[in-house]
Amino acid sequence: MPSRLHMLPAALAAALLAVACAPGLRAQVTEVPQTIEPGGILLRMDAISLGIQPDTSAPNQYRALGLGTTLVSAGITSTVDVEVGTQLFIRDTYSTGGEDHTESGIGDVLLQPKWTFWKDPSSGQEAAIIPYVMLPTDSSAVGNDSLEYGVILPWSVDIAPGMKAAAMVEWDELRNVANTRYDTRIYGSAYIKWDLGGKLGAYAETTLSDSTAGSSTFAGTLGGGATLSASKDFEWDFEASRVLGSGRSAWAEVIRFRWKIL
């Protein structure tokens with residue numbers, strides 16, 4: 001899933017906490033430490049990201065739609081790849097002061113190399129480091145026209161045949177809504193996934209985040225999803241998450257696909 005949350009404007013990121021953002025374009029929000037093989041190219045896309053707040057009378061709530069959140073990975077070596085991502089379309093609707101406001105446009109461009117610095121074949125454990133930078137190429141209506149950056153540390157382990165667990169910790173420096181300073185955000189997530197045999201899979205995932213932006217910045221998600229492998233190089237993924245934290249959409253739903261081009 002990108003799930004790169006930093007690819008979304010502030011209101012959309014709050015509504016779709018788990019969906020890059022980050023940011024994603026994999027079958028979970030959580031980044032994986034594995035890289036693409038040298039010369040390989042992988043396209044991952046959040047085809048549709050939707051945040052819903054059932055109680056439309058509540059103040060300061062968000063409804064959000066993201067289309068075509070795309071991340072392309074290219075393998076450089078057996079332990080290094082480079083990823084480029086963007087949000088092709090964002091529409092963000094929020095209610096404040098009794099009035100609805102809607103903004104739309106394209107998102108920023110994400111650049112992030114990944115280095116898998118540790119592997120333990122005996123336990124199936126791997127770890128990586130992913131520094132990233134977000135370039136302010138967005139439409140002025142949905143962005144803050146500021147450079148943003150951070151680093152991600154993902155880890156994964158094979159629990160049993162057909163079962164895998166992964167987690168990540170992320171540090172972000174994000175521009176505030178008023179565009180007056182940078183705020184630090186700490187973000188974490190984890191999942192367990194199962195191979196159900198054949199073309200089906202399932203997973204459960206949770207996320208948590210907090211920042212220096214204010215006193216009500218804690219947020220999180222708790223949800224799960226299912227995957228369908230149409231072929232060895234193409235996979236569909238659907239995830240539904242309960243969004244935790246006040247002033248945010250109650251649910252976020254994402255439909256994604258993953259396509260290995262080479």
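Is Phe 234 buried or partly exposed? This is a predicted model, and in it Phe 234 has a relative accessible area of 22%. Since buried means under 20%, Phe 234 counts as partly exposed.

Phe 234 sits in strand 12, which covers residues 234–244. The strand has two faces. Along the uncovered one you'll find Phe 234, Trp 236, Phe 238, Ala 240, Arg 242 and Leu 244. The covered face carries Glu 235, Asp 237, Glu 239, Ser 241 and Val 243.

Now look at what strand 12 pairs with. Strand 11, residues 219–231, runs antiparallel to strand 12, with 11 bridges between them. A hairpin of two residues takes the chain from strand 11 into strand 12.

Next come the aromatic rings. A pair of them is described by how far apart the centres are and by the angle of the planes. Searching the whole structure turns up six aromatic pairs. One of them joins Trp 115 and Phe 117, with 5.8 Å from centre to centre and 55 degrees between the planes, which makes the pair tilted. Both partners are partly exposed: Trp 115 has 45% relative accessibility, and Phe 117 has a relative accessible area of 44%. Trp 236, at 37% relative accessibility, is partly exposed. Elsewhere, ring pairs tie Tyr 149, Trp 171 and Tyr 182 together into a cluster.

Finally, head for the inside. In soluble globular proteins, nonpolar side chains tend to be buried together. The largest nonpolar core in this model has 10 residues: Val 29, Leu 71, Leu 110, Ile 130, Tyr 132, Met 134, Ile 152, Met 168, Leu 174 and Tyr 187. Two elements give two or more residues to this core, strand 6 (125–135) and strand 8 (163–175). Strand 6 makes the largest contribution, with three residues.

Setting aside its neighbours within four places in sequence, Met 168 is in contact with Val 29, Thr 30, Glu 31, Ile 152, Leu 153, Pro 154, Tyr 187, Gly 188 and Ser 189.

How values were computed: Residues are numbered from 1 along each chain as its sequence is written. This is a predicted model: local features need pLDDT of at least 70, side-chain atom pairs count only at pLDDT 80 or more; totals for chains, interfaces and linings use all residues. Side-chain values use heavy atoms; hydrogens and water are left out. A nonpolar core is a set of buried Ala, Val, Leu, Ile, Met, Phe, Trp, Tyr and Cys residues joined through side-chain atoms within 4.5 Å. Buried means under 20% relative accessible area, exposed over 50%, partly exposed in between (1.4 Å probe, protein chains only). Helices (H or I, at least four residues) and strands (E, at least two) are DSSP runs, numbered from the N terminus. Contact means heavy atoms within 4.5 Å. Rings of Phe, Tyr and Trp (its six-membered ring) pair if their centres lie within 6.5 Å; planes under 30 degrees apart count as stacked, over 60 as edge-to-face and the rest as tilted. Two strands pair if DSSP finds at least two bridges between them.
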